[in-house]
Amino acid sequence: MPLRDRPIQQKLTAILLLISGLVLLLTATAFAGYQYWSMRRTMRDMLAVRGRVMAANSTAALAFADVTHAREVLSALRADPHVLAAALYDQDGRLFATYPADLPVTAVPATPGPDGYAFARGRLAGFQAVAEAHGPRLGTLYTASDLDAIYDTFRLSGMIGAAVLAVSLLTAYFLSAALQRAISAPILALADTARAVSGRRDYSVRAPPAGRDEVGVLTDAFNQMIEELQRHATELEQRVAERTRELEARAAELLAANTELDAFAYSVSHDLRAPLRSIDGFSQVLLEDYAERLDDAGRDALNRVRAASQRMGTLIDDLLKLARISRAEMRTELVDVSAMARDIATELQRAAPERQVEFAISPGLKARGDAPLLRVALENLLRNSWKYTGKAARPRIEVGLVEANGGRAFMVRDNGAGFDMQYANKLFGVFQRLHSADEFEGTGVGLATVYRIISRHGGRIWAEGAVDQGATFYFTL
Amino acid sequence: MALLTALLASLLLQTGPAPEYQVKAVFLFNFAQFVDWPPPAGAVADTAAPLVIGILGDDPFGPFLDATVRGERRGARPFVLRRYENVADIEACDILFISRSEAKRMPAILASLKNRPILTVSDADRFAERGGMIRLVTDRQRIRLEINLEAAQAARLTLSSKLLSVAAIVTPRRR
């Protein structure tokens, strides 16, 4: 786990332990080092002192060549088990006597070296001049001692030191574990509160107050933020509730209005049909049975009556269709739009084979929706395009998919008569026509139907166009 | 100095009979380190006065004693060698070596030297028993010391205990 991710308590305790451990170690090392140096110095001094004493005692033995007495003097070293060897040399540097008496000659230097003591090869050894006060040098004393005294003391103080170190570290550990809480407790409380807020989205919790240090400032700021959040959340909820109520009311209104309208349109169409049938019927009777009693003007007038009433019938039919569309149930399925468009194109071509129209239908267009309704919408759009390209030199109708308004939309484009964008908002109104019946025939209900169908699918439809430059209809589902 | 070392060396290693009187000369010289003479009565001790080693009778040392003491000092006192024929000739003397040639006259000599602060040394027989202070005894390649402490004390000479420790203390025969 990287250092950054370890819990604060661990970090604090670790830091405290590390510091105290380091300090203890440094102190211990310093002491040990001093002790070692000091011990060696003391040992050397003691050996030197002993050497001087022994040398003083050996003067007569050397002066008067008394080997026995020399050995006797040296044997006093028996008292110190750490003395490895001792030897007396005469003025010529020749070995005179040794301690222990039976020591092999190779155990001591063959000739005395310079006066003084030194640590070498695991022992402390050196030479001391033997002379009576103010007298000439009578010889040299050599003593050698092992370093066990140092090692023993060191071992002992090492163990004591280690024990003290261990106890100190343990104490440091417990102390730091206890004391770091002063720092970490408020931080942990804050962290807990933060977790509660972000995890459960519970804005009612507050972090416990934590004094006036930086953590306290953090806690206070945090609590303030939570309060703000809480307030905002409540506000938002209220607003959302309000809007929802408004929307629901509006939707209910709209639904009621639409239902009324549909019912109205349905019944009106139905009621209008009957008299229409009479008009048309009786006109026909007149034309057929009383033809020879009418003059040309009269026949012409009657034809006109019939044409008008038929036209009215178509209008009413279209209205009915429109109304029906609004009331029919929708069944959603995957629809192959490309195939549908091709079908409609083929029909249109078959119905008017003398017209040459180029169709460019993108393959693989699919949509989810009510198949029959979608077919009606597509038929209306394509029929419109077919109609309004009637006067175009090289008519071309495209069906495809485009990127528009941040999403994808189906597109039906033609290069026909187009329309003035000024009146774009009138396009989808019922009975709204932007061209006169002389130019193009039609009831003005087609686009309204398409609009209704697209709306029922939850989509949007809009159009772009320019006069004599064609029109493009976009719709989403 | 070289003579000294050669002397003792040959004695120790027994590479050959070290001239006996070589060693005895060194001993005579070394006695000065282990003996304290009383300050002369009256005037303050002249610490730079020469330390006189005298030889009474035949000089058996040959060149050795001269070589040993040449240029040496005890503290500030330079060593001086004197040779005497008669006891009466002895004036200021610190260490007196009485030669074997005087053996017959020994009692008279010792009597006249009695209580004088002179360290009497000899290798004559029974020297210490008869009142002499230090006798040099040749014993199987070694030279031992016999010391008559009473005689030394009577002459107010202080012999270092170190010297005593390497010597055999002899008490004179009481008649």
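## The interface between chains A and B

Chain B and chain A bury about 1900 Å² between them, with 65% of it on carbon and sulfur atoms; buried area here is the accessible area (1.4 Å probe) that two parts lose on being put together, summed over both. This is a predicted model, in which local features need pLDDT of at least 70, side-chain atom pairs count only at pLDDT 80 or more, and totals for chains, interfaces and linings use all residues. Residues are numbered from 1 along each chain as its sequence is written, and side-chain values use heavy atoms, with hydrogens and water left out.

The contact (heavy atoms within 4.5 Å) takes 22 residues from chain A and 22 residues from chain B.

## Charged pairs and the chain B side

Between chain B and chain A the count is 2 salt bridges, each a side-chain nitrogen of Lys or Arg within 4 Å of a carboxyl oxygen of Asp or Glu. In a salt bridge, the side chain of R142(B) meets that of D66(A) (4.0 Å, N to O).

On chain B, the side that touches chain A draws at least two residues from each of α1 (2-13), α2 (20-34), β8 (142-147) and α6 (161-165). Helices (H or I, at least four residues) and strands (E, at least two) are DSSP runs, numbered from the N terminus. With 7 residues, α1(B) gives the most to this side.

## A look at T449(A)

You will find T449(A) in helix α8 (residues 446-456) of chain A. T449(A) is buried, with a relative accessible area of 6%; buried means under 20%, exposed over 50%, and partly exposed in between (1.4 Å probe, protein chains only). Leaving aside neighbours within four places in sequence, T449(A) is in contact with L322(A), I325(A), V376(A) and N380(A).

Technical notes:
Chains are lettered from A and ligands numbered from 1 in the order in which they are written.
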